[in-house]
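Welcome! Take a look at the sequence and the structure below, and then read through the points that follow.

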Amino acid sequence: MRHKRKVGFLLLLLLLTLSGCWNKIEIEENAFVLAIGVDKGEQDLYRITMAMARPEKLAGKEGGGGGGGEEKPLVLSTIEAPSLTGALSMLNGYIGRNVTLQHAKALFVSEELARDGNLQFLDEVIRYRETRQTIFLVVTKQDASQFLEGMKPELGKNPMRYIEQLTYNYRRTAMLPAASQISDFVSQVNVNYSQPLSYYAALVEEEESESGGGKAADQSEASHTAGELPRQGGSNVEMIGGAAFKQQKMVGTLSGEEIRHYLLLHDAFHQAVATFKDPKEPESSVSVRLSRKRPSDLWVDVSGSRPRLSAAISLEGEILGVQSGVDYSEPEQQAALEASIEQQIEDSIRTLIKRTQEWESDIVGFGRHAVPQFPTVEAWETYDWPSKYPKAEVQVDVRFTLRRFGLTLSPLQLRQ
Amino acid sequence: MYQYEGHISRREGITLIFAVLSSMLFLQYPQFLVEVGGPAGWQVALVMTLGGMATLLPVIALIRRFPGRGLDQISKAAAGVVLGPLLTLLIATWLLASLVLSLRSFTETFIVTILPDTPPSPVMVMAVLCALYASYRGLEAISRATQILLPLIAGGSLLVLLFSLPRVDTSLLFPFWGHGLIPTVTGGLYYASMAAEAVVILAFGYAFRDPNDARSSGLVGTLLFGLGATAVAVVLVGVFGAPTASQNPFPLFNLARLIYLGRFLQRMESLIIMFWVFAALVRLAVLMHAATVTLGGALGLPHYRPLLFSLSVMIIPLALLPEDFLVTLRLDRDWLRPLGFAVLLIPALLWLLAVIRRKGGETDAA
Amino acid sequence: MGLWQSLKRWLDPSSTAVDQSFSLGNRGEKPASENQGTEMLADARLRTENVIIRIDRLMEAAPKGKEALEKTGDLSDDLEQNLKRLKELFRLPENKDLVIREFQVATQPPTPAAACFMEGLTNTGIINDHIMQPLMLLSHLDHHAGAAGEDGPSSFSPEMVLKRLLPGNQSTEKYDLASMADALLSGDTVLLFAGSRVAIAVETKSPPTRSVGKPETERVIWGPHDAFTEAFRVNVALVRRRLKDPRVVTEVLTVGEISKTYVGLMYIDTIAHPKLVAEVKRRIEAIKVDIVNSSSILEQYIEDNPNSLLPGSLLTERPDRTAAYLSEGHVAILTDTSPNAIICPITFWSLLQTSEDYYLRYPFGSVLRWIRLMATLIALTLPALYIAVINYHQEMLPTELMLFIASTREQVPMPAVAELLVMDVVFELIREAGTRIPSVIGPTIGLVASLVLGQAAVEAKIVSPIMILIVAITGLASFAIPNYLVGFGVRVMRFFLLALSTVLGFYGLAAGLFILLIMLAAERSFGVPYLTPVAPARGKVRDILNRPPLYRMEERPGYTRTSNQQRQEEIVRKWDPMAPAPTPDENGG
């Protein structure tokens with residue numbers, strides 16, 4: 001009797017294994033998509049490019065690859081499909097492994113598609129289990145498929161890691177938005193207190209030597225957007241500036257300098273190197289390293305027919321270079337320089353805000369500071385901030401203090 | 001006569017109640033809170049806590065009046081030989097319904113979040129087996145295992161909340177009053193029956209050596225749960241914003257998914273899922289034990305163990321009855337919660353009857 | 001014809017016929033039980049004879065009072081008859097172990113006597129010098145100044161021998177054959193005298209035993225290195241050296257019909273709970289088996305749940321640990337012929353502790369314990385965790401690591417689970433082989449096996465390098481578990497968790513851990529729940545993983561329910577290092 005019971009129990013156990021393990025998949029049976037590119041489609045709704053990893057190229061031992069050393073580390077495939085998961089199932093038709101989006105790091109959307117406002121596939125990104133909401137959203141100037149194809153990092157093997165590392169630079173240069181993950185995008189779009197801003201990248205052909213056409217008069221080096229840097233050499237991806245959205249539709253691009261001001265207002269600014277016009281010698285420039293002194297203060301006054309936006313920003317800085325020969329270490333000169341820099345920054349900020357008002361998109365997020373003044377959600381919605389924002393009055397107040405002057409006090413006097 | 005065995009102390013009681021209630025936070029309940037209250041979801045949580053604690057008072061009074069006695073003994077003593085078992089049966093049915101819906105909700109949650117292609121049956125069978133084994137070993141085993149697991153569960157969830165703090169945008173918590181004070185308060189009171197799932201304490205009121213322990217267990221456990229719910233609601237709204245959060249059926253899971261502190265500290269949600277599986281299993285074990293003991297008492301069975309096996313076989317098909325996930329959610333929100341209020345009336349009724357008919361030992365002042 | 005002869009051996013069936021070879025099986029002979037039956041009958045006859053004689057004498061002695069009753073036995077007055085019955089009982093002359101030396105006591109007239117002892121178990125020096133010498137040579141000195149109250153110069157009695165002639169420090173009187181046999185078998189020398197129904201047993205025990213050595217499984221670096229040996233008295237002495245208090249009690253019981261092993265129950269009288277002692281005694285006395293030849297066997301007879309995976313009592317070979325547990329209110333069971341002491345009751349946390357934690361300073365003791373807990377968890381869950389992550393939750397890995405694992409696994413033909421099981425089997429083989437290799441080449445083989453096998457397996461692309469790492473770390477972690485028996489339990493649990501996580505990923509792993517936890521939580525060890533004091537939180541939860549400084553450990557752990565809770569004064573360090581005591585000169589001393 002006991003024997004029968006044991007046998008019966010064992011059979012039951014075996015039954016469990018017979019049914020199979022449904023989710024079990026060996027790690028090498030997967031094809032991991034590292035980046036997704038979405039373009040406007042001709043035959044179907046979208047043209048989707050998936051960049052899949054070749055493990056032994058990306059992470060295998062050195063020299064273990066043997067022959068075929070010219071293979072690229074990523075396998076690219078472009079499909080016309082109505083949705084991301086549609087593309088996945090089509091891909092499974094000719095890629096021998098199970099294509100999975102678990103390790104996708106970035107979503108590249110072409111500018112054309114973004115300006116059309118055709119970003120409905122984002123619902124899939126949120127809903128589908130494999131995609132994570134921490135992936136980056138990058139708007140590319142060219143088609144995303146072109147971008148992914150041409151992307152070639154010079155240092156390192158993994159292109160996606162390269163892109164990721166580019167995004168870390170915002171702390172030092174303040175030329176990129178602080179974060180542009182799908183989660184921010186989605187939560188902002190849903191709530192409507194502010195509008196989203198995403199990364200903007202462009203691919204540059206190596207043979208062209210840009211002369212920064214049309215911007216020669218403007219000596220601020222950060223006023224370029226991606227794709228327009230006057231340079232040669234280095235890898236062919238440029239990621240500077242951002243793409244502003246109004247809800248789902250892209251309405252404009254911001255240059256690196258404008259992003260810097262955006263970050264100042266957004267209170268996400270850490271430090272940056274900025275070049276200002278020398279107040280005494282308008283032809284020369286002064287390089288300053290700006291850093292944040294106190295958190296920026298924004299407030300909104302919603303009483304009255306037009307909202308009044310006010311911003312108080314305080315910065316401090318260190319002079320990195322003076323080209324005009326003027327000695328700014330003297331107190332009056334220092335005060336003049338500080339005032340001039342404050343004025344320049346204020347002007348730029350006002351210009352930025354005006355631009356966003358033209359686009360009718362509150363990317364800076366004044367709406368977030370207006371909300372606490374409303375008691376209930378209904379009151380806020382009756383007020384209808386997005387329509388009131390373009391009419392708002394702006395007032396900006398910047399305080400700048402020079403702290404340090406570098407290794408020498410008086411500048412280099414180059415006698416003719 | 002029923003064989004009641006096992007004793008638990010005050011601390012174990014608190015951990016049991018807290019574990020049973022707070023495992024609900026891993027399901028869809030924070031979503032309900034935000035749905036009702038908008039950005040003021042945390043206020044709803046506070047109202048719910050206070051309401052829950054208030055509705056627990058008759059239950060506690062009942063336990064204190066009949067120390068050391070099981071539910072069926074209490075109801076027989078208070079309400080008579082006919083009405084008593086009937087009332088016990090009602091409570092047992094509610095506990096069973098709660099168990100079935102919890103099982104289905106947890107199964108759906110785990111399938112959607114970590115085991116996408118798995119059919120529900122193996123997941124349910126595994127959960128029921130664990131709950132069966134735990135209930136078989138007895139109340140003391142469950143409470144001791146909970147004592148060890150609870151720091152893990154609480155710690156894991158706290159870590160999730162902590163790591164989500166950098167993402168919190170405090171402006172998303174405004175407007176301060178959400179949709180207004182009235183919807184907040186009514187919503188909170190409606191969901192107070194969520195907190196009153198602590199009625200499960202009725203099923204093991206006999207195990208407290210000192211009946212005052214029952215009072216502190218129930219109240220402190222509910223209070224802790226309320227604090228946890230408030231914290232979760234705050235972080236949830238702060239990270240996602242009210243509209244997204246109210247549509248988010250797996251709030252803590254999504255929060256865990258968003259953790260991205262630099263290159264290394266990311267992608268950790270699967271590990272934290274393990275702690276939530278513990279919480280789910282504890283809740284199922286306690287509910288199963290409570291339902292079985294109560295049902296056995298209502299039916300007049302001498303011991304609860306044989307009933308355990310039949311019940312486990314029964315609840316799996318019952319749990320598979322709702323057609324889809326949304327039906328489960330709606331059943332839970334629109335049916336189980338109001339019935340919870342009805343169930344809370346029963347201990348109040350029993351207590352009244354006991355006072356009127358002057359049954360029961362201790363009549364010391366509360 | 002020689003060739004034919006040798007060939008015939010091969011062709012002749014009778015040379016390999018089974019019928020003619022030796023076999024214990026039943027071939028139509030009388031069943032063995034019948035033969036044995038005759039022997040058992042003879043045995044029974046002996047015993048019945050003894051019983052009948054005894055009953056007769058009891059009836060005689062009954063009216064004479066209690067002392068007379070105690071002294072009745074089944075020996076006869078006749079020395080030859082006693083010796084004959086003794087030889088029959090011990091199966092002399094086939095059995096050469098019992099030596100019977102007949103001599104004469106030098107009384108006037110000389111009294112025939114015999115000394116019987118088991119060779120090998122006794123110290124023959126003592127027999128010669130202290131038993132036979134005084135009896136044969138010196139007994140005439142006391143001839144007249146004999147026992148008081150006896151009449152006549154030729155009086156002789158065993159009491160006189162006992163009191164005046166026999167310088168043996170433990171000598172007792174025996175009245176019947178069975179107790180004589182017991183005494184002989186434990187190593188005493190039994191003296192039989194003609195004309196007397198009383199035999200004297202003198203203690204001359206000297207069993208072969210090894211000297212006190214180092215512990216085999218519980219080595220510490222910083223602490224005493226003595227360990228129990230197989231001799232009962234030595235073990236008790238080792239513990240008594242550390243607890244010099246009259247309240248330390250050793251109750252001795254004998255267990256086993258044939259082995260008659262001494263089992264000593266040690267406890268401290270006002271500290272251990274009397275119910276606990278009574279319960280342990282009850283369980284030991286209920287054992288009615290043939291042999292109990294080791295403390296592990298004894299433990300299996302008295303434990304609460306034989307089906308549990310973890311031990312219900314602690315087996316230790318260290319006397320200092322035993323002494324510490326005794327002072328906390330536990331009971332220690334020492335078994336003869338076994339170098340382990342059983343400590344009961346025990347909790348799960350004690351299985352993770354070693355005595356070294358107390359000898360080191362307290363932060364390091366705590367750190368060691370945490371490391372051990374981590375090692376236990378790793379040994380339990382690492383393979384299951386790995387399989388769950390690799391097969392189900394690849395999204396958990398950082399992308400770089402995941403790509404590396406995928407690239408190394410692409411060439412391996414087996415699924416990850418099969419790989420893991422293969423490596424596990426190999427590891428277990430290495431482990432088993434390692435315990436049986438002669439110690440000279442032992443370490444070399446271990447090194448060769450691990451390095452070469454691992455490397456070769458990776459080169460042959462049978463396993464991936466990560467798998468080797470996982471299995472090696474798991475193995476190392478399981479060696480870090482201080483208790484040998486827990487290691488086995490952990491091994492079984494590990495396979496259970498691996499099976500579950502193979503089928504259901506993290507969910508299965510969590511469910512398996514839950515089941516194991518319930519299993520642990522429901523266990524009891526001699527009435528104490530297994531996870532005390534964490535799980536039923538009784539009293540302060542301390543000294544589990546974090547070891548407080550010694551001067552703070554003022555109370556005994558509550559779960560043993562000792563009568564005497566306080567073991568230290570409230571303030572142990574009454575002096576302040578910053579304020580030195582005044583020098584004697586100043587005190588005008």
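Here is a short briefing, grouped by topic.

This is a predicted model, in which local features need pLDDT of at least 70, side-chain atom pairs count only at pLDDT 80 or more, and totals for chains, interfaces and linings use all residues. Residues are numbered from 1 along each chain as its sequence is written, while chains are lettered from A and ligands numbered from 1 in the order in which they are written.

**Chain A as a whole**

- Chain A has 14 helices and 13 strands; helices (H or I, at least four residues) and strands (E, at least two) are DSSP runs, numbered from the N terminus.
- Of the 416 residues in chain A, 43% are buried. A residue is buried if 20 or more other C-beta atoms lie within 10 Å of its own, exposed if 12 or fewer, and partly exposed in between, with C-beta atoms placed from the backbone.
- Take the contacts in chain A between residues at least 6 apart in sequence: 72% of them join residues at least 24 apart. Two residues are in contact if their C-beta atoms, placed from the backbone, lie within 7 Å.

**Where chain B meets chain A**

- On this side, 27 residues of chain B are in contact with 23 residues of chain A.
- Helix H11 (residues 242–245) of chain B provides the largest share of the side of chain B that touches chain A, with three residues.
- By class, the side of chain B that touches chain A has 15 nonpolar, nine polar and three charged residues. Here Ala, Val, Leu, Ile, Met, Phe, Trp, Tyr, Cys and Pro count as nonpolar, Asp, Glu, Lys and Arg as charged, and the others, Gly among them, as polar.

**Where chain B meets chain C**

- The contact takes 27 residues from chain B and 24 residues from chain C.
- Which elements give two or more residues to the side of chain B that touches chain C? They are helix H5 (120–137), helix H6 (139–164) and helix H13 (269–299) of chain B.
- H5(B) gives the most to that side, seven residues.
- The side of chain B that touches chain C is made up of 19 nonpolar, four polar and four charged residues.
- The axes of H5(B) and helix H18 (residues 484–522) of chain C come within 9 Å and cross at roughly 10 degrees. Axes are lines fitted to C-alpha atoms, for helices over the stretch in contact, and angles run from 0 to 180 degrees between N-to-C directions.
- Residues of H5(B) including Met126(B), Cys130(B) and Tyr133(B) meet residues of H18(C) including Tyr507(C), Phe514(C) and Ile518(C).
- The contact of H5(B) with H18(C) has 13 nonpolar, one polar and one charged residues.

**Helix H15 of chain C**

- Helix H15 (residues 416–436) of chain C has 21 residues and reaches 31 Å from its first C-alpha to its last, close to the expected 30 Å. The expected span is 1.5 Å times one less than the number of residues.
- Which residues of H15(C) are buried? They are Ala416(C), Glu419(C), Leu420(C), Met423(C), Asp424(C) and Phe427(C).
- An α-helix has 3.6 residues a turn, so residues three or four places apart point the same way.
- The other side of H15(C) has exposed residues, among them Val425(C), Glu428(C) and Arg436(C).
- Helix H13 (362–391) and helix H17 (465–479) of chain C are included in what covers the buried residues of H15(C).

**Backbone details**

- Most residues other than glycine have a negative phi, and most peptide bonds are trans.
- The peptide bond from Leu92(C) to Pro93(C) is cis, with omega near 0 degrees, and Pro93(C) is in the loop between helix H4 (79–89) and strand E1 (98–105) of chain C.
- Gln247(A), a residue other than glycine, has a positive phi, near 50 degrees. Gln247(A) counts as partly exposed because it has 15 C-beta neighbours inside 10 Å.
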